[in-house]
Amino acid sequence: MSENGRRGDEALGAIEAWRRFAGHPTPARGGWWFTLGSVALTLLGVQFATGFLLLTAYAPTPDHAWASVAWIERKIPAGALVRGLHSWAASAVVVVALLHLARVFYHGAYKRPRKENWWIGLLLLLVILAFAFTGYLLPWDQKGYWATLVGIRIASQPPIVGAEMGRLLRGGATVGASTLTRFAAIHVFLLPLALLILASVHLILLRRRGHAGLPGDETPREPFFPKQLARDAVASAAVFAVLLALAYFFPARLEAAADPSDTSYVPRPEWYFLPLFQLLHYFRGKAMLLGTIGIPAAVALFLFALPLLDRSATRTPRARRPWIAAGGVVALSALILTGIAMIEEPRRSRLPAVEPPPPPLAFVSPDLKNYDLSAFPPSIARGGRLIAEKRCLECHLVNGDGNTKGIELKHVADRRTRAWILAHFKDPQELSPHSKMPPYDDLPERDLNDMADYLLALP
Amino acid sequence: MIAEKPDVGSNRRRFLALVAAGSAAWIAGALGALAARFLGGDRAESASPAVLVGPVAAYAGPSPVEALLSYSRPDGYRSESRRERVFIVRRGESLVALSSTCTHLGCSVRWDGSSNLFLCPCHGGKYRADGSVAGGPPPAPLERLPIEIRGGQVFVRPVSAA
C-alpha cells in the first residue's frame, strides 16, 4: 500500500474493515446451503427500497388509502412493478427465512455457542410475520380489510389479555381509521427499526461466534471473500430476477375498496397464514382457542426452547433423530394443512351464495378513467358517468368526493321520488327556491332518467 | 485472519470478485431504475378541461371583465377544487384571457378603470389592458390563458392545471 493510502486508511479504517470482512473464516464445504441468510438480507433490502417508494405515494387514511394505491398501480410509472415486487418479495422473505430456519435446525446450528443467535433469528421471523400481517391491511381493499378483521378477532380470543390486545390492535371498537394508522405506523416505523436492530445483532453474533458449517465438518476454513461472497451475491441476484419477473407477469392484486357493510365477502389469509387458517376448521367451539392460539404457541415455544432441550454436543442429524423427527412433524403438518387449505378453499368460496360484491358507488369522480362502472346496471353506470361529465361534483359531495357548495348527495332514495328529482333537474328553483343549481332542462329525457337512477342508487 | 488457500488463484479471485460485483450492480441498478421511473417519471395527469365563464355577450365592453374559473384538477390520488380569477379582455374581434397573477411575486392584480391599468397592490406593478407591462417591477406581461368560443359561450383553460 502506498504511503498516502496507508495514511488515508488510518483515518478511515475502511481498508482494515474490508480486510476483516473479506477475510472472515467461512466453511469451505456446503457453501450454497449457507446463502439463505444472505438472500433473506438482500430481500429485506429490496423491501426497504420498494417500501420507501410506495410510502412516497401512499396515504394511510380510509378515505384515501385505496385511491392512493390505485393511483400507484395505474398512474405512477413503474408503480405496478414496484408494488408487485414489494408484494412478491414479502412472500419470498417468509419462504427464505423459513428455509434458513429449517437449514439451521437440520444442521443443529442452534446449539452452544450459537443458541442466542437462534433466538434472535426466531425473533426476526416473528418481525417478518408481523410485517406481513400489518402490510396486508394497508391498501384498504376488501381482502386486506376482512383478513385483518379475522386476524384481530383471533388475537382477541385468549382469556384475560385477549380483549385488551384486540382493542390495542384496532385502536378502537372496530377496524377503522385508527387501525389503519396504527398498522401503517407499525409497518413503516416500528418493525423496520426492530428488524434493523435484530438483524445487526444476528450478523454481529454470526461473526463473533463463527459460522457453524456442516455438522462434523473439520475441513479448513477459507476467507469469506471471494468464494462465499460470490455465492451469496449470485443467489441473491437470481432470486431478485425471479421476483422481478413474477412482479411483471403476475402483478399484485388490488380488490375493490374495503366495504365494512359487505357481509358476502369471504376473507382469505395470505398463503403463509393458510396452515393456521386451516386449523380453524378442525377446532371449533371451546376447542377453537387450542387451534388458533394453543398450537401456534406450542410450536413457537418448542422452537424457542429447542437449544435448552437438545443439549448434547453432537450436531450430526443421525445422532439427533428424535429432534429431527419432531421438527419434521411440525414442518410436514404445516405443509399438509397448507395443501388442504389450497385445494379446499377455492371450492368453498365457489358456494353460490357468494357473489362478488358490486364495486361501491362511491367511485364516481371527475376522473372517471380510474373507475370501472361496468359492473352496474347500464342505466346507473351511464347516469354515474353523466353526473361526472356534467360536473355535478363541482358543487355536490358524493361519498366524500366533490365539493360542499351544494348539498351532499346521499340517502336520496329515502327523501325524494324519481318524479321530484326529474322536476328538480329541469327547474331547481321551482322546488327549492334558494337553490343556486342551474337548470338542466336541455338534457335528453333519457339522460335525466339515468342520472336519477344513479342518485336513487346512492347509499 | 487465515491464509489464502492455494486453489483460489488470482485470476479466479478476480473473476469471483467480478461476479459478486456484477450481481450487486444488477440488483442495485434495477432498483435504481425503478426508483428513477417511480419518482421522476411523467405521471400523466390529465389536463383540466376548459371552464365555462359565460356567453360572449357578457364580454362585449372595452374594459377587462373579471371572471372566476371554478374547476377541479387531479392532484395525485385525489382531485382538488380550485378557483382562479382571470380577466377577459376584448382585443378587436377576439377575446383574450389574462391571468390575474402578477408576474413579479405572484400577488393578484386588479383592474383600475380610472387609469385603465391593471394595478398590483403589493409592489406597484402596472399592466395595460392587453397585459403588457406599463411600469413597476414586473419582469413579464400577464400570462395569457387558452380561450375558446363554442356556441356563443366562452371557455377558458386554466393553465396551472395543464
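**Close-up 1. The contact between chain A and chain B in the predicted model.** In this predicted model, chain A brings 50 residues to the contact and chain B brings 38 residues. Together the two chains bury about 3600 Å², with 72% of that area lying on carbon and sulfur atoms. Of the area that chain A buries against chain B, 16% is supplied by Leu53(A), Trp71(A) and Pro77(A), which is more than any other three residues supply.

**Close-up 2. The side of chain A that touches chain B.** The elements of chain A that each give two or more residues to this side are the helices α2 (14-23), α3 (36-55), α4 (65-74), α5 (79-106) and α10 (224-249), together with the strand β2 (222-223). The most is given by α10(A), which contributes twelve residues to the side of chain A that touches chain B. Sorted by residue class, this side of chain A holds 30 nonpolar residues, nine polar residues and eleven charged residues.

**Close-up 3. The three-stranded sheet of chain B.** Three strands of chain B, in the order β1-β11-β10, form an open sheet with antiparallel pairing. Because β1 (51-55) and β10 (147-150) of chain B stand at the edges and each has a single partner strand, one side of each is left without a neighbour in the sheet. On average, and with direction ignored, neighbouring strands of this sheet are turned by 30 degrees against each other.

**Close-up 4. The four-stranded sheet of chain B.** Another view of chain B shows an open sheet of four strands, arranged in the order β5-β6-β7-β8 and paired in the antiparallel sense. The edges are taken by β5 (110-112) and β8 (133-135) of chain B, each with a single partner strand, so one side of each is left without a neighbour in the sheet. Within the sheet, strand β6 (residues 117-119) of chain B pairs with strand β7 (residues 126-127) of chain B over two bridges in the antiparallel sense, and Phe118(B) stands opposite Tyr127(B) in β7(B).

**Close-up 5. The surroundings of Glu270(A).** Glu270(A) is placed in the loop between α10 and α11 (274-282) of chain A. Although Glu270(A) and Ala147(A) are 123 residues apart along the chain, their C-alpha atoms are separated by 8.3 Å. When the neighbours within four places in sequence are left aside, the residues in contact with Glu270(A) are Ser91(A) and Tyr136(A). With Tyr136(A), the side chain of Glu270(A) also forms a side-chain to side-chain polar contact of 3.4 Å.

Methods:
Residues numbered from 1 in each chain as written. Chains lettered and ligands numbered in written order. Predicted model: local features only at pLDDT ≥ 70, side-chain atom pairs only at ≥ 80, totals over all residues. Heavy atoms only, no water. Contact = heavy atoms within 4.5 Å. Buried area = accessible area lost by both parts, 1.4 Å probe. Nonpolar A, V, L, I, M, F, W, Y, C, P; charged D, E, K, R; others polar. Pairing = 2+ DSSP bridges. Axes fitted to C-alpha atoms, helices over the stretch in contact; angles between N-to-C directions. Polar contact = N/O pair within 3.5 Å; in protein donor to acceptor, adjacent residues only side chain to side chain.
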